[in-house]
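Here is a short briefing for a first look at this structure. Keep the sequence and the 3D view side by side while reading.

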Amino acid sequence: MDALRIRQVLFNLITNAVRFTEKGGITVRAERGNSKVIFAVEDTGVGIAPEDLERIFEEFHQADGSSRRRYEGAGLGLAISKRFVEMHGGRIWVESEMGVGSTFYFSLPADESDPSLSSSPPSASALTRTADVLSSERPVLLAITRSRSAVALLKRYVANYRTMTVPNLAEARHAVTRVAPQIVLVDETSEPLTDVELDSLAAEPALSTSLVMACHLPGEESLRQQLDADAYLVKPVSRESLWDALRRFGPDADHVLLVEDDRDFARLVTRLLEDSPVRQYQVACASTGAEAMAHLKQWPVDIVLLDMVLPDMDGSELLDRMHRHPAWTQIPVVVVSAQEDLDPTAALGTTLTLAQRRGITPSLLVRCIESLSDLTPTAAPPALPAPQGAPAPSLA
């Protein structure tokens with residue numbers, strides 16, 4: 001478990017309780033059972049209307065938004081908390097009564113041995129420790145990717161397989177000898193391979209009957225390329241991912257401009273940067289695009305951390321202005337967004353490559369053609385299937 005992110009969930013829930021509680025108090029509880037830990041944050045605030053309970057965890061949704069505008073924030077805290085809890089194999093929910101108060105609960109597995117509960121792709125050593133367990137469970141899909149978005153997509157929708165991930169090809173070669181995957185999926189956005197390298201991977205003895213696939217997967221890298229930014233981080237941001245993103249810009253880049261209208265998140269990022277083991281960054285904050293441009297005109301900036309949703313302009317507009325300004329165009333920009341912008345109709349790439357150690361047999365070819373027979377050039381792209389036990393999500 002990532003202790004920082006668990007604290008961030010609690011911090012988000014407590015902060016929301018404080019905002020909406022004018023009388024009474026707030027109670028935080030934790031209880032551990034045989035297989036899970038349940039946290040509860042109870043307030044005596046205004047409560048949540050029944051029609052809002054189903055939507056309260058949606059991004060940008062706030063209960064009674066018309067009358068609660070005096071409370072700052074863009075409605076992202078609960079959406080981020082939900083995403084983070086689910087990444088760790090948990091569940092979050094709320095019980096509320098208007099005029100009485102609300103109680104937000106979230107549960108997390110008490111057993112941390114499952115590598116799928118990690119906030120980052122498990123290493124080959126983690127795969128080794130769980131090989132015996134996996135042998136008796138669902139078939140394995142081994143994804144070679146550094147995209148959290150892609151991992152979440154695969155785990156949510158490829159329900160017949162247990163998705164395991166490694167960040168690069170070197171770790172994949174070690175992993176396949178311990179976890180015999182039925183499918184190996186290479187994310188060419190983060191790990192581009194030549195045909196020779198793909199054939200070499202498929203020729204691994206441990207993959208004698210496995211299918212190796214290579215294509216572009218959705219995620220942070222593809223979003224970075226679309227925006228022409230230098231890095232892309234998806235909230236909730238871990239301290240390691242934040243430090244790694246900034247470290248690449250060299251030892252002299254220590255003046256950071258954080259463009260973020262959520263003050264709670266701005267305080268969190270500022271604390272993480274000031275506590276960096278690499279060096280102590282000097283952080284300035286701007287809550288709007290106009291404030292950011294004013295700061296850029298007056299003060300030296302080595303790195304910009306940019307939220308894509310600002311009160312006065314879209315983050316991409318500020319990014320475009322920086323690209324067109326002679327004095328700002330060379331400043332590295334790290335996009336920090338709560339939106340993964342997963343569009344089921346957006347093209348990720350033009351090729352999907354299949355490889356198998358024993359070659360593509362006629363029977364395999366026919367099965368592949370049959371599986372893709374519904375995808376004609378004139379047909380509308382299919383919607384993502386609903387994950388097991390849940391209705392089809394709306395991606396509008």
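In this predicted model, strands β10 (residues 255–259) and β12 (residues 303–307) run parallel and pair over four bridges. Within that pairing, Val259 has Leu306 of β12 as its bridge partner. On another strand, β11, β10 pairs in the parallel sense over five bridges.

**The five-stranded sheet**

- The strands form an open sheet of five, in the order β9-β13-β12-β10-β11, with parallel pairing.
- Its edge strands are β9 (231–234) and β11 (282–286), and each of these pairs on one side only.
- Neighbouring strands in this sheet are turned by 20° against each other on average, direction ignored.
- In the pairing of β10 with β11, Leu258 stands opposite Cys285 of β11.
- Is β10 mostly covered or mostly open? Four of its five residues are buried, so the strand is mostly covered, buried meaning under 20% relative accessible area.
- Strands of a sheet pair through backbone hydrogen bonds, either parallel or antiparallel.

**Helices packed on the sheet**

- Strands β10 and β12, joined by four bridges, are both touched by the two helices below.
- Helix α10 (residues 239–247) packs on the sheet and touches β9, β10, β12 and β13 (333–337). The direction of α10 makes about 170° with that of β9.
- Helix α13 (residues 315–324) also packs on the sheet, where it touches β10, β12 and β13. The direction of α13 makes about 155° with that of β12.

**Salt bridges**

- How many salt bridges are there? The count comes to nine.
- Arg19 and Asp264 form one of them, with their closest N and O atoms 2.8 Å apart. This pair links distant parts of the chain: Arg19 lies in helix α1, Asp264 in helix α11 (residues 263–274), and 245 residues separate them.
- Arg19 is buried, because its relative accessible area of 18% is under 20%. Asp264 also counts as buried, at 10% relative accessibility.
- Arg146 and Glu191 meet through their side chains in another salt bridge, at 3.7 Å from N to O. This pair, too, links distant parts of the chain, 45 residues apart. Arg146 sits in the loop between β5 (140–144) and α6 (148–157). Glu191 sits in the loop between β7 (183–187) and α8 (195–202).
- Which of these two partners is buried and which is partly exposed? Glu191 counts as buried at 16% relative accessibility, whereas Arg146 is partly exposed at 47%.
- Glu317 and Arg321 make a salt bridge of 2.7 Å, N to O. Both lie in helix α13, four residues apart, which is about one turn of the helix. Glu317 is partly exposed, with a relative accessible area of 34%, and Arg321 is partly exposed as well, at 30%.
- Salt bridges that share partners join Arg19, Asp264 and Arg267 into one network.

**A nonpolar surface patch**

- Ile14, Val18, Ile26 and Val28 make a nonpolar surface patch of about 290 Å².
- Helix α1 (3–19) and strand β1 (26–32) each supply at least two residues of this patch.
- Ile14 belongs to helix α1.

**Around Ser96**

- Ser96 is found in strand β3 (residues 91–97). At 24% relative accessibility, Ser96 counts as partly exposed.
- What does Ser96 touch, leaving aside its neighbours within four places in sequence? Ser96 is in contact with Gly47, Ile48, Leu53, Gly101 and Ser102.
- Thr44 is 52 residues from Ser96 in sequence, and their C-alpha atoms are 9.8 Å apart in space.

**The chain as a whole**

- The protein chain has 14 helices and 14 strands.
- Of its 396 residues, 46% are buried.
- Among contacts with a separation of 6 or more, 69% come from residues 24 or more positions apart.
- The accessible surface of the chain comes to about 20500 Å². Carbon and sulfur atoms account for 52% of that surface.

Terms used:
Residues numbered from 1 in each chain as written. Predicted model: local features only at pLDDT ≥ 70, side-chain atom pairs only at ≥ 80, totals over all residues. Heavy atoms only, no water. Patch = residues over 30% accessible without salt bridge, like charges linked within 9 Å, V, L, I, M, F, W, Y side chains within 5 Å. Areas by Shrake-Rupley, 256 points an atom, 1.4 Å probe, with all protein chains shown as cover. Salt bridge = Lys/Arg side-chain N within 4 Å of Asp/Glu carboxyl O. Pairing = 2+ DSSP bridges. Axes fitted to C-alpha atoms, helices over the stretch in contact; angles between N-to-C directions. Contact = heavy atoms within 4.5 Å. Buried < 20%, exposed > 50% of the residue type's maximum accessible area, 1.4 Å probe, protein only.
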